[in-house]
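Thanks for coming, everyone. I have one structure to walk through today. Please look at the screen.

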Amino acid sequence: MNVMAGQMEFRGEIDTVVNPSEKAFFSVRDIHAWYGESYIVQGVSFEVKKGEVLSLLGRNGAGKTSTLRTLARASNPVLKSGEIWLDGQPVHKMKAFQAAQAGIQLVPEDRRIIGGLTVEENLVLAQVSGQKGWTIEKIYDHFPRLAERRNQEAVTMSGGEQQMLAVARALARDLKILFLDEPYEGLAPVIVQEIEKIVHQIRDLGITTIIVEQNAVAALRLSDRAVIMDTGEVVFSGTAKEVLENEQLRHDYLAI
Ligand SMILES: Nc1ncnc2c1ncn2[C@@H]1O[C@H](COP(=O)(O)OP(=O)(O)OP(=O)(O)O)[C@@H](O)[C@H]1O
Ligand SMILES: [Mg+2]
């Protein structure tokens, strides 16, 4: 889809689009963001369709986390220009709490599990802040491991279980698009497989997701499309299959 068509869909009546899966559900248009004097996100544009999983890849320091933070409207880096649209809503005009209310949920690398609280308390707290998403019961149905551990202090769980809880907390909120920043980070291969299953489940539920991962092969396996960044810019945008089949691209930007 070209950019013009994407814009027309946004300005037009979204409900009249014949095939809803074809419309750009989430659209990032030439965003530029700064940490103080440091110019980091340098004109990033891409689109994600509803229900699609997009891998955002690139070397260390390429600007992936900074891009996710910009899209979630974190206070840093500061978005200086460009537009971010989610399902017709101008996210670029929002603050972080408004973006969260609009349905953007970022699971950061450090997972932000709240110390001193049980698993269930972490989930309940995710619900009080905004509109409700999944009920606690629905979460326990999908994540039996969390149900078993509902009364355990959350920070005492394994890394994989904590990642599971972080994703579950996002589902407990009113979720329209999920950003996962390195969900497999620091996990043993067997646990990575477990988290992969959860991300597959999320994809099968039709939840639109952007996944940033050092483990590019694992991320690409479950992605429809991929965007590769280098030094704050998009250097490739295409299908996951194109990346896997392009040795040069993999060698130049992904070291795989
Ligand atoms: N708070 C900050 N203040 C200043 N510069 C920052 C800040 N956070 C990140 N940067 C810089 O922005 C650039 C992009 O960093 P970012 O964390 O977005 O990269 P990344 O692609 O997520 O890397 P990694 O794969 O290592 O997580 C880096 O040069 C980094 O040093
Ligand atoms: Mg990062």
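First, a term: helices (H or I, at least four residues) and strands (E, at least two) are DSSP runs, numbered from the N terminus. With that, Gly186 sits in the loop between strand 7 and helix 8 (189-204).

Some housekeeping. This is a predicted model: local features need pLDDT of at least 70, side-chain atom pairs count only at pLDDT 80 or more, and totals for chains, interfaces and linings use all residues. Residues are numbered from 1 along each chain as its sequence is written, while chains are lettered from A and ligands numbered from 1 in the order in which they are written.

Back to Gly186. Buried or exposed? A residue is buried if 20 or more other C-beta atoms lie within 10 Å of its own, exposed if 12 or fewer, and partly exposed in between, with C-beta atoms placed from the backbone. Gly186 is exposed because 12 other C-beta atoms lie within 10 Å. Its C-alpha atom is 9.8 Å from that of Glu109, 77 residues apart along the chain.

Now the whole chain. The protein chain has 11 helices and 10 strands. Of its 256 residues, 41% are buried.

Next, strand 6, residues 104-107. Side chains in a regular strand alternate between the two faces of the sheet. Here both faces are covered. Ile104 and Leu106 are buried on one side, Gln105 and Val107 on the other. Strand 6 runs parallel to strand 7 (residues 177-181), and 4 bridges join them. Strands count as paired if DSSP finds at least two bridges between them. Leu106 has Phe179 as its bridge partner in strand 7.

On to the core. A nonpolar core is a set of buried Ala, Val, Leu, Ile, Met, Phe, Trp, Tyr and Cys residues joined through C-beta atoms within 7 Å. The largest one holds 69 residues. Among those touching the most other members are Ile104 and Phe179. Helix 7 (residues 159-172) gives the most to this core, 8 residues.
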